[in-house]
Amino acid sequence: MVYRKRICRAASFLLAAGIAAGTMAIDSQAAVITSNATDKVAAVFQEGTEYSAGDYVIYDGEMYVCTQEIQGAWSQAEASFLQVTKNRELGTSGDLSAAYADEKDPSQETSLMAFAANAWQKLKGFLGIGSRDAQTDASGYANASVSAKLNYLEQQNQTHSNNLGKLQESVNNSFQSVSNGKALVAGAITDNGGTASPQDTFLQLSESVRNLAKAKYDTGYSKGHDTGYASGHKDGFQEGHDKGFGEGSSAGHTEGYEEGIRFADGRVNEASESYRQGLDDGKKEGGNKSWNTTIRLMYDGPDILEECFTYKRGFSENHRAWTFEKDIGPCEILGISCIVSYTDSYGSSVYWDMSVKNDEEGTYDRLTRETDKFCEMTFDNGRIRIGDINMNILYSSRAVCTIKLNVIYK
């Protein structure tokens, strides 16, 4: 329905332009010209006539209105007259039949017919008439037809979906790597007589290592004590007891303790970076989560999440600058994707941003860039902001802004 109205208005404009193009230039010798705009009657300018403010005259085929009392030749009196019509600017018959230049803006055409033809070609391109399946890319987006722009946006949406799938796969692989590491540590503990499970947190695995080290110490102490006691008893109870107990205690303690420490250091070193990182991840255990939404924003406001939107005066008094702010809670954002597309009677604009957490550097890598930066997304500690999106009241019934957000966090 909107396209049909546009085409009707365009057709009416071209019909009017064609009628104007066929109108003959007004003869400078005509005695009287009537202006529909003023309902005034004007006579041909006479040098000897006195004119007062408000009088209408004809000079060289154009109508003028007097702004102050004047008498004399036209070269002297011209400054006291304001031109009402501009029939001469329609051009000569040669100008009216001139061919238009496709690379020009219609407003740059000096010929009325060239202007009308150029404007019609531009309008056909905008509406996608004759190019229903047209294609475009980022470099030609601004001048592409509506159908080509929609095709382009669909391609970008597919690319965005693929990138988001890769992002989810990368996050899943990271958590799988942690799970495999837990399984190796738990296996080492159980192989040496300890108790542990791959489902244990890193804090629980740490406690299992301590228990295993203590068990090794107790075994060494008991073995050393028994050996020393038996040997001392053979040569003499008192001497053997004293000597065996002392040496057995010392040797058993040392052997058992050192064996337990060597095992613990060889399996999970509490001073190592991997252990401390695993312990910290264990405390934060809970896995990654996701949040996504699609919002349709008009001049008067959004269709959902009204509490997340505020507005202020925009580019002019006719504009509202909308801002979206959402707090999904204290968290670490692993990846975020934002697409904002804006369309009104004059065309479309697209902004997108996709960022992924770089664990090594603690920063975010941006995977994509914006086509038109008419707004910007920022985020920190689970709080997301998009602004400022300017909506014009003159196109309030036709301007639509769509916001798509996908967030992966933990």
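The chain exposes about 24500 Å², and carbon and sulfur atoms supply 49% of that area; accessible areas here come from the Shrake-Rupley method with a 1.4 Å probe, and for residues only the protein chains shown count as cover. Keep in mind that this is a predicted model, where local features need pLDDT of at least 70, side-chain atom pairs count only at pLDDT 80 or more, and totals for chains, interfaces and linings use all residues. Residues are numbered from 1 along each chain as its sequence is written, and side-chain values use heavy atoms, with hydrogens and water left out.

**The chain overall**

- You'll find eight helices and 15 strands in the chain; these are DSSP runs numbered from the N terminus, with helices being H or I and at least four residues, and strands being E and at least two.
- Of the 410 residues, 36% are buried, where buried means under 20% relative accessible area, exposed means over 50%, and partly exposed lies in between (1.4 Å probe, protein chains only).
- Take the contacts (heavy atoms within 4.5 Å) with a separation of 6 or more: residues 24 or more positions apart account for 50% of them.

**The nonpolar core**

- In soluble globular proteins, nonpolar side chains tend to be buried together.
- A nonpolar core is a set of buried Ala, Val, Leu, Ile, Met, Phe, Trp, Tyr and Cys residues joined through side-chain atoms within 4.5 Å.
- The largest one here has 31 residues, and Phe324, Val340, Met377, Ile386 and Ile389 touch the most other members.
- Strands that each supply at least two residues of this core include strand 9 (319-327), strand 10 (333-344) and strand 14 (383-392).
- Leaving aside residues up to four places away in sequence, Met377 touches several residues, among them Ile336, Tyr351, Ile386 and Leu405.

**Salt bridges**

- A salt bridge needs a side-chain nitrogen of Lys or Arg within 4 Å of a carboxyl oxygen of Asp or Glu, and the count comes to eight.
- Glu207 pairs with Arg210, their closest N and O atoms being 3.9 Å apart; the two sit three residues apart in helix 6 (residues 202-235), so about one helical turn separates them.
- Arg383 and Asp327 also meet in a salt bridge (3.7 Å, N to O), and this pair links distant parts of the chain, with Arg383 in strand 14 and Asp327 in strand 9, 56 residues apart.
- Arg383 is partly exposed at 39% relative accessibility, and Asp327 is partly exposed at 44%.
- Lys373 and Glu376 form another salt bridge (3.6 Å, N to O); Lys373 is exposed at 51%, while Glu376 is partly exposed at 38%.
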